[in-house]
Amino acid sequence: MNVELAFYGILASSIAGLMTLIGAFPVVFGKRVSPKVEDILLGFSAGVMLAASFFSLLNPSVELALSSYENRFLTAVIVAFGLSLGAFIFFLADRFIPEDYFVGIDNKNSKEIKSVWIFILAITVHNFPEGMSSAIGFMTGDISKGLTLAVGIGIQNIPEGLAVALTLVAKGYRVSRIFWVTFLSSIVEPIGGVVGVLVFGFSYVVLPIGLAFAAGAMIFVISKEIIPQTHKKGYEMEATIGLLIGFIVMMVLDVTFG
Ligand SMILES: [Zn+2]
């Protein structure tokens with residue numbers, strides 16, 4: 001293993017991960033929000049992560065598998081497998097994590113709090129293959145490619161940090177708690193970086209499945225938990241506009257820097 005490249009790779013995934021915290025910064029100004037604003041914020045978060053699933057997880061997964069296997073059908077099967085697996089694991093999480101783990105804040109009910117935490121878990125999980133891919137970018141030996149990839153991932157982590165933070169703001173969590181959660185979700189990125197360096201030789205197998213897995217988890221949670229939650233109080237239109245704005249912001253960032 002090239003130790004120098006491994007070092008740069010892990011360093012890059014750490015910095016990219018910490019950029020998540022920049023995204024959480026606006027919550028310093030956050031206050032308790034009305035149910036309408038809550039639905040808009042959750043919709044925005046869902047839109048950000050939906051676009052991330054396509055542009056920063058599924059797209060690179062397809063590209064990687066295609067360049068390794070040079071077979072479009074095999075690529076589709078691999079990506080479909082990873083995606084189904086991610087959705088299935090989160091189906092199990094959704095089914096078997098009991099609701100009474102999640103004591104509601106004030107009058108928020110524990111069912112809603114649970115779905116918010118499963119959403120944050122999905123965002124956290126997706127940081128893992130993302131950290132892997134930024135470290136692996138360096139391991140290929142092409143420093144400028146590694147750097148471009150890491151900068152891209154770092155930049156798209158900003159709205160993702162915002163997605164985590166806004167989701168918690170919407171549920172009335174304290175600022176200090178929000179920063180801790182955002183930080184914990186971001187350190188999964190360098191952990192992914194370390195694993196990426198270690199499995200570099202097998203990355204052509206592990207990485208496409210890992211990226212698709214994360215996308216499957218995300219799409220499951222957004223459809224099962226987040227969107228229905230934002231449509232319960234009569235603000236479907238506002239939540240939909242929030243989702244579209246989040247999707248567009250993330251897509252512009254991913255296409256520009258991806
Ligand atoms: Zn991401």
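The expected span of a helix is 1.5 Å times one less than its number of residues. Helix α9, residues 236-257, passes that check: its 22 residues should span 32 Å, and its end C-alpha atoms are 31 Å apart, which agrees. The model is predicted. The protein chain has an average pLDDT of 88.

**Confidence**
- In the protein chain, 95% of the residues score at least 70.
- Helix α3 (residues 72-96) has the highest confidence, at 94.
- Helix α5 (residues 143-170) has the lowest, at a mean of 86.
- Where pLDDT is low, the predicted coordinates should not be read in detail.

**Helix α9**
- The buried residues of α9 are A239, G242, L243, G246, F247, M250, L253 and D254.
- Seen down the axis of α9, these buried residues fall within an arc of 135 degrees, so they line one face of the helix.
- An α-helix has 3.6 residues a turn, so residues three or four places apart point the same way.

**Helix α4**
- Helix α4 covers residues 110-139, which makes 30 residues.
- From first C-alpha to last, α4 reaches 44 Å, close to the 44 Å expected at 1.5 Å a residue.
- Most of α4 is covered, with 24 of its 30 residues buried.

Note on methods. Residues are numbered from 1 along each chain as its sequence is written. This is a predicted model: local features need pLDDT of at least 70, side-chain atom pairs count only at pLDDT 80 or more; totals for chains, interfaces and linings use all residues. pLDDT is the predictor's confidence in each residue, from 0 to 100. Helices (H or I, at least four residues) and strands (E, at least two) are DSSP runs, numbered from the N terminus. A residue is buried if 20 or more other C-beta atoms lie within 10 Å of its own, exposed if 12 or fewer, and partly exposed in between; C-beta atoms are placed from the backbone. The arc is that of the directions from the helix axis to the C-beta atoms.
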